[in-house]
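Hi everyone, and thanks for coming.

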Amino acid sequence: ILATPSFASWLEASSEFIPKVLQRVLGTLRPIEVDVVCGVCDGLAPRPVSMKQPSGAGFSILHKPWKQDDLWECNPTAVSPNLQSTITFSANKGHKVTLTLPLANTLFNNGRLSTLLLSRWRSSGDSFEVTQEQTEKKNVTLNVFRKLRIPRPSIQIPSVPLTPMRRIQSGLGNIVRTIDFGEGGLPDVGPASRELEMRVTGYLSKQGLDHSVIDVWALVIPAEALSGPWNEKVKILMSDVEDLRAKRSPSTDKGCCDVGDFIDKGATLCRVLSGGGGWGIKQGLLALDPQTTYSTSNESRYDFSEGALDEQQASALGNVAQQGAFIQFLVAAKHDEAVDPLIEKKRGYVDSALGSTVVGVVPSTVDEIHDISQNGDQQMPKLDVQVYLGHFGCVSESGMFLQRNGKSTTPVIETKIDLPYSYVYRESP
């Protein structure tokens with residue numbers, strides 16, 4: 001049972017909500033024992049039909065008829081107490097795909113940094129009673145992509161390219177130092193931020209957002225991912241940025257799925273943390289977010305044992321900026337242009353005809369708290385209750401973390417996805 005923060009108290013075993021849900025879903029005519037996982041997420045996920053912005057508060061409930069023995073295993077001791085609890089959505093063992101989602105901060109709702117609770121219930125005639133008391137968990141793994149027949153769930157990342165794809169000439173750890181901007185086979189190596197600074201300014205000017213600040217992401221693609229039948233796609237991604245935007249608009253299938261296709265080939269999506277300016281050896285450097293799993297911290301840690309400083313730095317800050325890899329810079333698409341109604345019709349989706357699981361990313365709402373307090377005289381929104389059968393999922397304001405063990409035909413995936421309104425999803429009959 002996933003709930004949005006305003007319903008955090010409903011997930012306590014002492015409330016009447018859980019037994020009522022169990023009674024509604026399972027009935028009480030036969031004796032049954034059930035494990036209940038309760039988590040508080042940042043929001044509810046949209047259906048694949050639209051991928052529109054989730055709104056309002058509520059619940060997302062999944063009933064699995066099979067038992068999962070590892071739910072009651074102890075929390076891992078290595079997890080930092082400062083990290084929020086997470087739910088890991090997994091696929092069947094053949095593909096070994098996992099998607100980890102940090103849960104909401106509920107400190108001001110129930111005093112917990114985050115809320116992930118596990119309890120066991122048993123039917124007793126006309127109601128359900130707790131047989132194993134509620135316990136707090138740091139992580140729970142749920143096999144929601146159980147019938148997945150492809151190497152990964154579908155990925156939609158609506159983004160706008162700022163630059164063509166370029167080769168990283170030199171980099172270390174999470175720092176991109178120089179990029180080859182050459183065209184037509186002629187080299188033109190320069191500081192990593194040289195083209196990006198100009199493109200960001202031009203993009204903001206076109207959007208009427210002069211003097212604004214915008215988040216930028218980098219898609220880092222291994223060189224080996226661009227071989228074979230990908231040659232035509234690579235030519236497009238290396239073309240002039242205006243042509244590229246026209247052919248890879250976020251309102252088209254290709255514009256939303258290209259990044260996901262490259263992630264399937266082993267690419268990493270990471271936010272640009274800082275860069276540009278400076279002088280000397282620091283001129284034009286770009287720092288990329290090194291975090292690719294939620295078990296790691298963004299804080300850099302160095303030990304002073306034996307070993308080269310460069311090796312220690314690469315170990316602490318990952319190995320995202322690999323020399324010879326390709327890099328393309330992106331910004332999040334405006335959400336109102338991220339979906340084209342024609343695509344919805346083309347997909348032929350009918351309400352409740354397909355089951356769906358959707359996990360996604362939304363922008364942080366922390367900055368909106370002040371705005372709400374300043375509009376206290378506004379009327380409360382009209383209550384509008386909607387129920388979507390066969391649909392399950394949630395969204396996070398902290399990003400999501402996709403991993404896949406590599407095989408001979410499927411490269412390793414390890415990336416954080418925190419570009420707003422990105423979704424990983426699966427549909428099934």
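This is a predicted model: local features need pLDDT of at least 70, side-chain atom pairs count only at pLDDT 80 or more; totals for chains, interfaces and linings use all residues.

Residues are numbered from 1 along each chain as its sequence is written, and side-chain values use heavy atoms, with hydrogens and water left out.

Now the overview. The protein has 429 residues, and 47% of them count as buried. You can find nine helices and 23 strands. Those are DSSP runs, numbered from the N terminus: helices are H or I with at least four residues, strands are E with at least two.

Taking contacts between residues at least 6 apart in sequence, 76% join residues at least 24 apart.

Let's go inside. A nonpolar core is a set of buried Ala, Val, Leu, Ile, Met, Phe, Trp, Tyr and Cys residues joined through side-chain atoms within 4.5 Å. The largest one holds 42 residues, and the members touching the most others are F89, I157, L219, I221, I263, L269 and M400. Strand β9, residues 139-145, gives this core its largest share, four residues. Apart from it lies another core of 25 residues, including Y203, A218, V320 and I327. If you zoom in on I263 and skip its neighbours within four places in sequence, you'll see it in contact with I155, I157, L269, L402, I413, T415 and I417.

Next, the strands. Two strands pair if DSSP finds at least two bridges between them. Strand β1, residues 2-3, runs parallel to β2, residues 33-40, and two bridges join them. There, A3 stands opposite V40.

Which strand is largely enclosed by the rest of the structure? That's β23, residues 423-428, because five of its six residues are buried. β23 runs antiparallel to β10 (residues 154-156), with three bridges, and antiparallel to β19 (residues 355-361), with six bridges. V424 in β23 is the bridge partner of I155 and also of V359.

On to the aromatics. Rings of Phe, Tyr and Trp (its six-membered ring) pair if their centres lie within 6.5 Å; planes under 30 degrees apart count as stacked, over 60 as edge-to-face and the rest as tilted. By that rule there are six aromatic pairs. F7 and W10 have ring centres 4.9 Å apart and planes at 80 degrees, so they are edge-to-face. F7 is buried at 19% relative accessibility, while W10 is partly exposed at 37%. F7 also makes a tilted pair with F59, at 4.6 Å between centres and 45 degrees between planes. That pair links distant parts of the chain, 52 residues apart, with F7 in the loop between β1 and α1 (17-26) and F59 in strand β4. Together, F7, W10, F17 and F59 form one aromatic cluster.

Finally, salt bridges: a side-chain nitrogen of Lys or Arg within 4 Å of a carboxyl oxygen of Asp or Glu. The structure holds 14 of them. D264 and R404 meet at 2.7 Å, N to O. D264 sits in helix α6 (residues 253-264) and R404 in strand β21 (residues 400-404), 140 residues apart. D264 is buried at 18% relative accessibility, and R404 is buried at 2%.

My last stop is K416 and D289, whose side chains meet at 3.4 Å, N to O. Both are buried. They belong to a salt-bridge network that links D215, R271, D289, K416 and D418.

Methods: Buried means under 20% relative accessible area, exposed over 50%, partly exposed in between (1.4 Å probe, protein chains only). Contact means heavy atoms within 4.5 Å.
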